[in-house]
Amino acid sequence: MSLSDDRIARWARQLLVPGFGEEAQERLLGARVRVVGIDAVASAALVYLVQAGVGRLWLDDPEDVSPADLAGWLFPPSAVGTSRVDAARSALAPLSAFVQVDRYPTGGVPTAALVCAPSVVQAVTSAEAARRAGIPHVVVEPDGDGGAVVSVPRGAPCYSCARSTAGAGRPPEPGVAALAALGAAELIHLMAQPGSVTGRRVELVRGVATARPTARLAGCACAGAQPAEA
Amino acid sequence: MTAPERAASRIDIRAFACPMTWVKTRIALERLAEGETLEVWLRAGEPLESVPRSAEEDGHRVLAVEPLPAEGDGAYRLLLEKRRPGDAPVLP
């Protein structure tokens, strides 16, 4: 398969990024990304994933848009009280004709996942489901206007090995969009250039990002046999 | 150096403007094996100035730049050799 001229024109600047290229763009186009939690924290990440050319986004969130969600980039005030998934689909559709955005289908088989869950328990559960499915995933941990993102390529130490042990962070502030963008960038790397990214935790504090490799906790289940590739 | 008459592949980017001129060239180079040659038909002016420069910055070799009289005024033929291992990009 090769990219058509209209797709090349759409992603022309991105295709010039060193280390990127046609094959990487085609991997993104072929991806099916499950996004768990699409509140204000995830808003910027969704915009980046669509703009980058991820082929299919599956939105997984049962809640309605709340006034707090308006702090993100996605929802207009008129969306308050409507389904987050429906409102996000409406907001994302004009951004690209090449990306399909849908509600996560029951039994859907994603090729990657972005976890922006509103609670630690949901984040751990969603990340573990992704690990068991053998798909790369990124977990966003907001804390005020910063926080951390944990990148988990296939076979890397799991999110439970790398998550914050301090519990839930402070409520997210508008500046957390930078964290969400970082999460989207990490996931794009994992999908576009598999094998080039190792498991890592990136802390974002006062606008400064610091990365460190993740390490497996002794006795963690993720040390066992890896599931078959998705 | 004598430029080879036949290239492994050829593209015509005369209908495109920057940045598509270099993007199309770069994608065509990606599809080649190291050391293979690519013939690019391009227009005088900005494409003729920027595409060879971008190719050299990316580590490829410019083997020839010559007019293409059969294609009319302002048409040029650029012959590039895809970079080989060890041919490092020239970072600006």
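A crossing of two helices is left-handed if the near helix is turned anticlockwise from the far one by less than a right angle, and right-handed if clockwise. Keep that in mind for what follows. One caution before we start: this is a predicted model.

Let's take chain B. Helix α1(B) covers residues 20-30, and helix α2(B) covers residues 46-57. Their axes come within 9 Å and cross at roughly 40°. Angles of 65 to 115 degrees count as roughly perpendicular and those under 35 as roughly parallel. The pair α1(B) and α2(B) is therefore oblique. And the hand? α1(B) passes α2(B) in a right-handed crossing.

Which residues make that contact? From α1(B), they are B:T21, B:W22 and B:T25. From α2(B), they are B:E46, B:P47, B:V51, B:S54 and B:A55.

B:P19 sits in the loop between β1 (9-12) and α1 of chain B. The peptide bond joining B:C18 to B:P19 is cis, with omega about 10°.

Two packed helices are described by the angle between their axes and the distance between the axes. So we go through both numbers each time.

Start with α4(A), residues 40-52, against α8(A). The axes come within 7 Å and cross at roughly 40°. That makes α4(A) oblique to α8(A). The crossing of α4(A) past α8(A) is right-handed. On the α4(A) side we have A:V41, A:A44, A:A45, A:Y48, A:L49 and A:A52. They meet A:A177, A:A180, A:A181, A:A184, A:L187 and A:I188 of α8(A). What classes do these residues fall into? The contact of α4(A) with α8(A) has 12 nonpolar residues, no polar and no charged.

Next, α3(A) against α8(A), which spans residues 177-192. Here the axes come within 8 Å, and the crossing angle is roughly 110°. α3(A) is therefore roughly perpendicular to α8(A). A:A24, A:R27 and A:L28 of α3(A) make the contact with A:I188, A:M191 and A:A192 of α8(A). Of the residues in the contact of α3(A) with α8(A), 5 are nonpolar, none polar and 1 charged.

Stay with A:R27. Its side chain also meets that of A:E23 in a salt bridge, at 3.5 Å from N to O. How are the two placed along the helix? Both belong to α3(A), residues 22-29, and because they are 4 residues apart, about one helical turn separates them.

On to charge pairs across the chains. Side chains of opposite charge can pair when their charged atoms come close. Between chain B and chain A, the count is 2 salt bridges. One salt bridge joins A:E22 and B:R31, with the closest N and O atoms 2.3 Å apart. Over all chains, the count comes to 22 salt bridges.

How much area is buried between chain B and chain A? About 990 Å², with carbon and sulfur atoms giving 60% of that. The contact takes 16 residues from chain A and 10 from chain B.

A last stop, at a backbone detail in chain A. A:R206 has phi near 50°, a positive value in a residue other than glycine. A:R206 lies in the loop between β7 (200-205) and β8 (208-213) of chain A.

How values were computed. Residues are numbered from 1 along each chain as its sequence is written. Chains are lettered from A and ligands numbered from 1 in the order in which they are written. This is a predicted model: local features need pLDDT of at least 70, side-chain atom pairs count only at pLDDT 80 or more; totals for chains, interfaces and linings use all residues. Side-chain values use heavy atoms; hydrogens and water are left out. Axes are lines fitted to C-alpha atoms, for helices over the stretch in contact, and angles run from 0 to 180 degrees between N-to-C directions. Angles under 35 degrees count as roughly parallel, over 145 as roughly antiparallel, 65 to 115 as roughly perpendicular and the rest as oblique. Contact means heavy atoms within 4.5 Å. Buried area is the accessible area (1.4 Å probe) that two parts lose on being put together, summed over both. A salt bridge is a side-chain nitrogen of Lys or Arg within 4 Å of a carboxyl oxygen of Asp or Glu. Ala, Val, Leu, Ile, Met, Phe, Trp, Tyr, Cys and Pro count as nonpolar, Asp, Glu, Lys and Arg as charged, and the others, Gly among them, as polar.
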